[in-house]
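Please keep the sequence and the model in view while reading.

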Amino acid sequence: NRINTDWLDGRIADHKRLSIEENNLFCPNSTLVAVCGSALQGYQHFMSRDDNFINLLKVGQVPPADTLSPIVKIDLIFENVKYCTTCTQSGGGKVIVEGN
């Protein structure tokens, strides 16, 4: 057998170190990821809430008073860290994110 696979063995051995280095180079700050994720989930919650409110009105039902609450609490877990945030709707497509 004349095939030399030493280069491949070296790559496999360095895989863990290389993946950590790549993660540090290309992954954004964990807090930034959590804030963006909260903003997205908050926005989606408010859009869904508005659609639900309109659908209830279309069928002649009176929506509950808390249906249009402009505040929602969102908890996210990213890289084994729990982020507790509060999203507040502050306009048509605007969401304010507050964190602990």
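A nonpolar core is a set of buried Ala, Val, Leu, Ile, Met, Phe, Trp, Tyr and Cys residues joined through side-chain atoms within 4.5 Å. Buried means under 20% relative accessible area, exposed means over 50%, and partly exposed lies in between, with a 1.4 Å probe and protein chains only. This is a predicted model, in which local features need pLDDT of at least 70, side-chain atom pairs count only at pLDDT 80 or more, and totals for chains, interfaces and linings use all residues. Residues are numbered from 1 along each chain as its sequence is written, and side-chain values use heavy atoms, leaving out hydrogens and water.

**The core**

Which residues form the largest nonpolar core? There are 5 of them: Phe46, Val72, Ile74, Leu76 and Cys87. Strand E1 (residues 71-78) gives the largest share of this core, with 3 residues. In soluble globular proteins, nonpolar side chains tend to be buried together.

Contact here means heavy atoms within 4.5 Å. Leaving out residues up to four places away in sequence, Cys87 touches Ser38, Ala39, Gly42, Phe46, Pro70, Ile71, Val72, Ile74, Val95, Ile96 and Val97.

**Order of elements**

Helices (H or I, at least four residues) and strands (E, at least two) are DSSP runs, numbered from the N terminus. The protein has 2 helices and 3 strands, and along the sequence they follow the pattern α-α-β-β-β.

**The strands**

Two strands pair if DSSP finds at least two bridges between them. The pairings are listed below.

| Strand pair | Sense and bridges | Residues between the strands | A bridge pair |
|---|---|---|---|
| E1 and E2 | antiparallel, 8 bridges | 2 residues | Leu76 and Tyr83 |
| E2 and E3 | antiparallel, 5 bridges | 5 residues | Gln89 and Val95 |

Strand E3 covers residues 95-99. E1 and E2 form a hairpin, and another hairpin joins E2 to E3.

Lys82 sits in strand E2 (residues 81-89). Apart from residues up to four places away in sequence, Lys82 touches Asp75, Leu76 and Ile77. Lys82 and Leu40 are 42 residues apart in sequence, and their C-alpha atoms are 17 Å apart in space.

Glu79 lies in the loop between E1 and E2. Its phi is positive, about 55°, although Glu79 is not a glycine. Asn80 lies in the loop between E1 and E2; Asn80 is not a glycine either, yet has a positive phi of about 65°.

Are these residues buried or exposed? Glu79 counts as partly exposed because its relative accessibility is 46%. Asn80 counts as exposed because its relative accessibility is 77%.

Thr67 is found in the loop between helix H2 (30-58) and E1. Thr67 has a relative accessible area of 14%, so it counts as buried. When neighbours within four places in sequence are left aside, Thr67 is in contact with Arg49 and Phe53.

A polar contact is a pair of N or O atoms within 3.5 Å; within protein, one must be able to donate a hydrogen and the other to accept it, and residues adjacent in sequence count only if both atoms are side-chain atoms. The side chain of Thr67 reaches the backbone oxygen of Pro64 at 2.8 Å.

**The whole protein**

The radius of gyration is taken over C-alpha atoms, and the globule rule is 2.2 Å times the number of residues to the power 0.38. A compact globule of 100 residues would have a radius of gyration near 13 Å, whereas the protein has 23 Å. Along the principal axes, the C-alpha trace spans about 80 × 30 × 20 Å.

Of the 100 residues, 17% count as buried. Among the contacts with a separation of 6 or more, 43% are between residues 24 or more positions apart.
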